[in-house]
Amino acid sequence: SDDEGGVEDYLFKIVIIGDSAVGKSNLLSRYARNEFNPHSKATIGVEFQTQTMEIDGKEVKAQIWDTAGQERFRAVTSAYYRGASGALIVYDISRRTTFDSVGRWLDELKTHSDATVARMLVGNKCDLETIRDVSVEDGKSLAEAEGLFFMETSALDSTNVNKAFKEVIREIYNNVS
Ligand code: GDP
Ligand code: MG
């Protein structure tokens, strides 16, 4: 980009969804600020974080949305999904119930967003290998069956966090360019 005034070539909205306490807010804070919070409560105030990167010489700005804890009440609104071109659907590899919920989140995403939305299934907390409750194979199979990208991550030790966001952003870029 030749722009000197910070005008981006592309602006993508990405939403993070999944059950409560799977690590959505920490994935975002790890990615956007390289921070992890072991005692994080429901997100207060912050609606989204933006990250800018360059792809093929173009300035791409990703506006990444985090819930404010509404998922606890199954009350994530259509406004949250509006205009999204990418989504991370997150579960916790140490809690099977959060994996069982993925189908419901995918349904909700389909209801509220465009069919072309780039989707990544994220098995977070892969540092908790000793208490793993969802195998890598189960994650992979579900992703294949639903046509999703798949990655296991750890917001705690940073494994694959940048990679997961970058791949979604790259895929959105491929969809629109
Ligand atoms: P959210 O409700 O989905 O936004 O989840 P949070 O980001 O608030 O995280 C819920 C809890 O899980 C917090 O205590 C975090 O410190 C913890 N947590 C988040 N990500 C990880 C991770 O990758 N590994 C481990 N061990 N704990 C994590
Ligand atoms: Mg949160």
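This is a guided tour of one predicted model, going from the whole chain to single residues.

Local features are given for residues with pLDDT of at least 70 and side-chain atom pairs at pLDDT 80 or more, while totals for chains, interfaces and linings use all residues. Residues are numbered from 1 along each chain as its sequence is written, and chains are lettered from A and ligands numbered from 1 in the order in which they are written.

**The whole chain**

Start with everything shown as a cartoon. The chain has six helices and six strands; helices (H or I, at least four residues) and strands (E, at least two) are DSSP runs, numbered from the N terminus. Read from the N terminus, the elements go β-α-β-β-α-β-α-α-β-α-β-α. The radius of gyration is 16 Å, close to the 16 Å that the globule rule gives for 177 residues, so the chain is as compact as a globular protein of that length. That radius is taken over C-alpha atoms, and the globule rule is 2.2 Å times the number of residues to the power 0.38. The C-alpha trace spans about 50 × 35 × 30 Å along its principal axes.

Of the 177 residues, 41% count as buried. A residue is buried if 20 or more other C-beta atoms lie within 10 Å of its own, exposed if 12 or fewer, and partly exposed in between, with C-beta atoms placed from the backbone.

**The sheet**

Select the strands next. Six of them form an open sheet with mixed pairing, in the order S2-S3-S1-S4-S5-S6. Two strands pair if DSSP finds at least two bridges between them. Strand S2 (48–55) and S6 stand at the edges with a single partner strand each, so one side of each has no neighbour in the sheet. On average, neighbouring strands are turned by 25° against each other, direction ignored. Axes here are lines fitted to C-alpha atoms, for helices over the stretch in contact, and angles run from 0 to 180 degrees between N-to-C directions.

S2 and strand S3 (residues 58–65) run antiparallel and are joined by eight bridges. Two pairs to pick out are Phe-48 opposite Trp-65 and Ile-55 with its bridge partner Lys-58. The hairpin of S2 and S3 has two residues between the strands, and Asp-56 there takes a positive phi near 50°.

Strand S5 (residues 118–124) and strand S6 (residues 149–152) pair in the parallel sense over four bridges. From S5 the chain crosses through helix H5 (residues 136–146) to S6, in a right-handed β-α-β crossover. Right-handed means that, with the strands pointing away from the viewer, the path from the first strand over the helix to the second runs clockwise. Within this pair of strands, Gly-123 has Glu-152 in S6 as its bridge partner.

**Tyr-10**

Select Tyr-10, which lies in strand S1. S1 and S3 pair in the parallel sense over six bridges, and Tyr-10 stands opposite Val-60 in S3. With 18 C-beta neighbours inside 10 Å, Tyr-10 counts as partly exposed. Beyond its neighbours within four places in sequence, Tyr-10 is in contact with Lys-58, Val-60, Lys-61, Tyr-173 and Val-176. Contact requires C-beta atoms, placed from the backbone, to lie within 7 Å.

**The helices**

Select helix H1 (residues 24–33). Eight of its 10 residues are buried, so H1 is largely enclosed by the rest of the structure. Among the buried ones are Leu-27, Leu-28 and Tyr-31. The buried residues of H1 pack against S1, S2, S3, S4, S5 and helix H6 (161–176).

The axes of H1 and H6 come within 9 Å and cross at roughly 85°. The two helices are therefore roughly perpendicular, a term for angles of 65 to 115 degrees. Leu-27, Arg-30 and Tyr-31 in H1 meet Val-161, Asn-162 and Phe-165 in H6.

Then find helix H4 (residues 102–112), which lies across strand S1 (10–18), strand S4 (86–92) and S5, running at about 165° to S4.

**Loop residues with positive phi**

Finish in the loops. Ala-21, between S1 and H1, has a positive phi of about 70° although it is not a glycine. Ser-158, between S6 and H6, has a phi near 80°. Ser-158 is partly exposed, with 15 other C-beta atoms within 10 Å. Just after H1, Asn-34 takes a positive phi of about 55°.

Key. Two residues are in contact if their C-beta atoms, placed from the backbone, lie within 7 Å. Angles under 35 degrees count as roughly parallel, over 145 as roughly antiparallel, 65 to 115 as roughly perpendicular and the rest as oblique.
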